[in-house]
Amino acid sequence: MQGDPADAGVRKQVTQLLVEWGAGSKVALDALTPIIYDELRKLARSYLARERAALTLQPTALVNEAYIRLVAQDLPDWESRSHFFGVAAQRMRQILVDHARKHRSQKRGGGAAKVSLNEAVSFAPERGSGIVALDDALKDLAKFDERKSRVIELRFFGGLSIEETAQTLGISIATVGREQRMAEAWLHKAMSSQPEE
Amino acid sequence: MTPDRWKRIEDVFQSAVDLAGEKREAYLAKACANDAELLAEVRALLQSDEEAQGFVERQVEDGVMSLETVEIAPVDCRAGPYKLTRELVRRGMDSRVLSCALQARTPGFGSPATHQHRPPAR
């Protein structure tokens with residue numbers, strides 16, 4: 001990641017938004033969304049650059065970087081950070097899924113193909129459909145096991161470590177591991193049996 | 001899926017997943033005795049568990065990377081404006097991709113006025 005740190009003025013703004021949001025302001029959370037979106041796009045670009053260089057990078061590490069850059073560590077205590085991570089993971093999921101759904105339906109409508117400006121070979125029309133299927137499957141899972149759905153959301157959309165996930169949900173590290181493993185098995189099974197789009 | 005049913009599936013899965021080979025089979029036979037459906041459910045999850053390594057992560061990666069895709073109209077890029085493409089290549093961009101993108105986004109693109117190069121005078 002090219003990583004020049006967000007400049008001091010922006011950091012201050014974001015910190016203020018986080019505090020307001022922590023106090024329950026939906027307006028503040030709405031204001032944070034485009035900032036999170038921009039961070040995600042920067043990370044996606046750097047990820048594509050690294051992929052071309054054939055370096056492997058875990059996407060959850062990238063998502064976690066977004067939070068660090070959004071000055072989550074400036075929040076006053078662990079409870080605030082934990083609360084932030086919980087909602088931010090939800091918001092990150094929403095951003096990614098909304099984007100994928102929007103482009104997917106455009107593709108169906110106009111027959112448009114999607115091209116990444118960074119790809120040497122043009123077309124990647126399937127890109128983005130996996131995350132929509134994941135979102136649907138997660139919603140199904142949440143109907144009968146909310147906690148497993150939260151673990152997946154925090155770990156993969158929030159980029160939280162197992163320890164952070166355990167603290168956020170108030171469960172043991174071992175439990176997080178078990179929850180995650182079974183959730184992944186269930187999701188993979190649910191998504192493998194879906195018909196092709 | 002009732003909560004009780006799910007709990008039962010989970011209990012058996014969590015115990016079985018840490019076992020291997022004969023020990024796993026013996027455990028499953030005992031735990032799922034008289035419940036063929038339970039056995040089938042757990043087996044399906046165990047199978048999925050073996051294949052699921054990195055699966056969820058890849059879907060999220062897919063989503064993150066799709067933020068960097070660009071919509072273009074379905075044009076035959078091979079018939080695109082190759083003269084303009086050479087201009088783009090000099091600027092160090094992916095010529096084929098950008099020529100298609102520009103063609104789609106610029107309605108009057110085919111007209112002489114938008115070409116960077118003119119055909120040689122006769």
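Author: Helices (DSSP runs of H or I, at least four residues) and strands (runs of E, at least two residues) are numbered from the N terminus, and in chain B the elements run α-α-α-α-β-α-α from that end on. This is a predicted model, in which local features need pLDDT of at least 70 and side-chain atom pairs count only at pLDDT 80 or more, whereas totals for chains, interfaces and linings use all residues. Residues are numbered from 1 along each chain as its sequence is written, chains are lettered from A and ligands numbered from 1 in the order in which they are written, and side-chain values use heavy atoms, with hydrogens and water left out.

Reader: How many helices and strands are there in chain B, and what pattern does chain A follow along the sequence?

Author: Chain B has six helices and one strand. Chain A has eight helices and one strand, and its pattern reads α-α-α-α-β-α-α-α-α.

Reader: What share of the residues counts as buried in chain A and in chain B?

Author: A residue is buried under 20% relative accessible area, exposed over 50% and partly exposed in between, with a 1.4 Å probe and protein chains only. Of the 197 residues of chain A, 49% count as buried, and of the 122 residues of chain B, 43% do. As for surface (Shrake-Rupley areas with a 1.4 Å probe; for residues, only the protein chains shown count as cover), chain A exposes about 9,500 Å², 53% of it supplied by carbon and sulfur atoms. Chain B exposes about 7,400 Å², and carbon and sulfur atoms supply 53% of that area.

Reader: Among contacts between residues at least 6 apart in sequence, what percentage joins residues at least 24 apart in chain A and in chain B?

Author: For chain A the share is 66%, and for chain B it is 48%. Pro34(A) is found in helix H2 (residues 26-52) of chain A, and it counts as partly exposed because its relative accessibility is 44%.

Reader: At what angle do helix H1 and H2(B) of chain B pack, and at what angle do the axes of H2(B) and H3(B) cross?

Author: Axes are lines fitted to C-alpha atoms, for helices over the stretch in contact, and the angles, from 0 to 180 degrees, are taken between N-to-C directions. Helix H1 (residues 3-17) of chain B and H2(B) pack at about 160°, with their axes 9 Å apart, which means that H1(B) is roughly antiparallel (an angle over 145 degrees) to H2(B). Arg8(B), Asp11(B) and Val12(B) are among the H1(B) residues that meet H2(B), where Tyr27(B) and Leu28(B) are among the partners. The axes of helix H2 (residues 21-31) and helix H3 (residues 36-51) of chain B come within 10 Å and cross at roughly 150°, so H2(B) is roughly antiparallel to H3(B). The residues that make this contact include Leu28(B) of H2(B) and Val42(B) of H3(B).

Reader: Where is Asn34(B) found, and what is its phi?

Author: Most residues other than glycine have a negative phi. Asn34(B), in the loop between H2 and H3 of chain B, has a positive phi of about 65° although it is not a glycine, and it counts as exposed because its relative accessibility is 85%.

Reader: Which residues does Ser48(B) touch, and which does Arg150(A) touch?

Author: Not counting residues up to four places away in sequence, Ser48(B) touches Ala185(A), His188(A) and Lys189(A). Ser48(B) lies in helix H3 of chain B and counts as buried, at 4% relative accessibility. Arg150(A), in helix H6 (residues 146-157) of chain A, is buried at a relative accessible area of 17% and, with that exclusion, touches Gly86(A), Gln90(A) and Leu169(A).

Terms used. Contact means heavy atoms within 4.5 Å. Angles under 35 degrees count as roughly parallel, over 145 as roughly antiparallel, 65 to 115 as roughly perpendicular and the rest as oblique.
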